[in-house]
Amino acid sequence: MPASGGPPSQYLLSMRPYMLAILIVQSIACFFQVFFLLEILGGFMNVIACALGWYAWKEDMHITFICYWGMMGAINGAFDLVRFIDAQVHYGGPIFSKDNMARNIASAVHIFGPLAFIAGAVFAYRVYSRHDTPVAEGNSGAWSRDADGPSYGAARQSFQTFRGQGQRLGTVEPRAPAARALHSTGRGAPCCDRLG
């Protein structure tokens, strides 16, 4: 899991309203699942996932908790959707009815609840894959360009690992006068005797 190592990027902040919309739909689905349908265990698991999302949103789009929210939402949404499909295969009746409003609400919760959690998982993956992008999508990228020099990406490409002069142990004189005196008299550490 990625750790949030500072303030959120502009991209994360630009995705904040979309996450809020998904969280509101998930919260409504959890409320109906627990208090209307009385699905306590499944509803409780969905409430935990939804609470992780609210915490991530409250903490300025904390990427670690967004990932946790997305993973739990994917698992819970998939299981709830499979349970709904299984019930429809075995029941065989219409999903919505003109006469039974309670059945219509239950069917809507069973359809839109899992879809909201799966949408949250897709959203979390999208945010995770772009969470360190410095600018929001659709922006011209002026933040990443320097007025006098090359773009941000070009400057990063010029870096090469393991360039420059190296140092060997024992080739640099000790810096402190006391350490130099110990080294020249042979009273230094036993490992220093082999080097000098």
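Trainee: What is the handedness of the crossing of helix 2 and helix 5, left-handed or right-handed?

Mentor: The crossing of helix 2 and helix 5 is left-handed, in the sense that the near helix is turned anticlockwise from the far one by less than a right angle, clockwise being right-handed. Before we go on, note that this is a predicted model, in which local features need pLDDT of at least 70 and side-chain atom pairs count only at pLDDT 80 or more, while totals for chains, interfaces and linings use all residues. Residues are numbered from 1 along each chain as its sequence is written, and side-chain values use heavy atoms, with hydrogens and water left out.

Trainee: And at what angle do helix 2 and helix 5 pack?

Mentor: They pack at about 145°, with the axes of helix 2 and helix 5 9 Å apart. Helices here are DSSP runs of H or I with at least four residues, numbered from the N terminus, and axes are lines fitted to C-alpha atoms over the stretch in contact, with angles from 0 to 180 degrees between N-to-C directions.

Trainee: Which residues of helix 2 meet helix 5?

Mentor: From helix 2 they are Tyr18, Met19, Ile22, Val25, Gln26, Ala29, Cys30, Phe32 and Gln33, and among their partners in helix 5 are Val109, Gly113 and Phe123, where contact means heavy atoms within 4.5 Å. By class, this contact of helix 2 with helix 5 has 13 nonpolar, four polar and no charged residues, counting Ala, Val, Leu, Ile, Met, Phe, Trp, Tyr, Cys and Pro as nonpolar, Asp, Glu, Lys and Arg as charged, and the others, Gly among them, as polar.

Trainee: How are helix 3 and helix 4 oriented to each other, then?

Mentor: Their axes come within 8 Å and cross at roughly 155°, so helix 3 and helix 4 are roughly antiparallel, a label for angles over 145 degrees. The crossing of helix 3 and helix 4 is also left-handed. Residues making the contact include Met45, Ile48 and Leu52 of helix 3 and Ile66, Trp69 and Met72 of helix 4, and the contact of helix 3 with helix 4 counts twelve nonpolar, four polar and one charged residues.

Trainee: What about the loop between helix 3 and helix 4, where Met61 lies: is Met61 buried or exposed?

Mentor: Met61, in that loop, counts as buried at 1% relative accessibility, since buried means under 20% relative accessible area, exposed over 50% and partly exposed in between, with a 1.4 Å probe and protein chains only. Asp60, in the loop between helix 3 and helix 4, is partly exposed at 42%.

Trainee: What is phi for Met61?

Mentor: Phi of Met61 is near 60°, a positive value in a residue other than glycine, and Asp60 likewise has a positive phi, of about 55°. For context, most residues other than glycine have a negative phi.

Trainee: Switching topic, which residues touch the most other members of the largest nonpolar core?

Mentor: Among its 19 residues, Met19, Met61, Ile66, Trp69, Phe123 and Val127 do, a nonpolar core being a set of buried Ala, Val, Leu, Ile, Met, Phe, Trp, Tyr and Cys residues joined through side-chain atoms within 4.5 Å. Helix 1 (10-14), helix 2 (16-35), helix 3 (40-58), helix 4 (63-91) and helix 5 (101-130) give two or more residues to this core.

Trainee: And what is Val127 in contact with?

Mentor: Leaving aside neighbours within four places in sequence, Val127 is in contact with Tyr11, Leu12, Met15, Ile63 and Ile66.

Definitions and conventions
Parallel < 35°, antiparallel > 145°, perpendicular 65-115°, else oblique.
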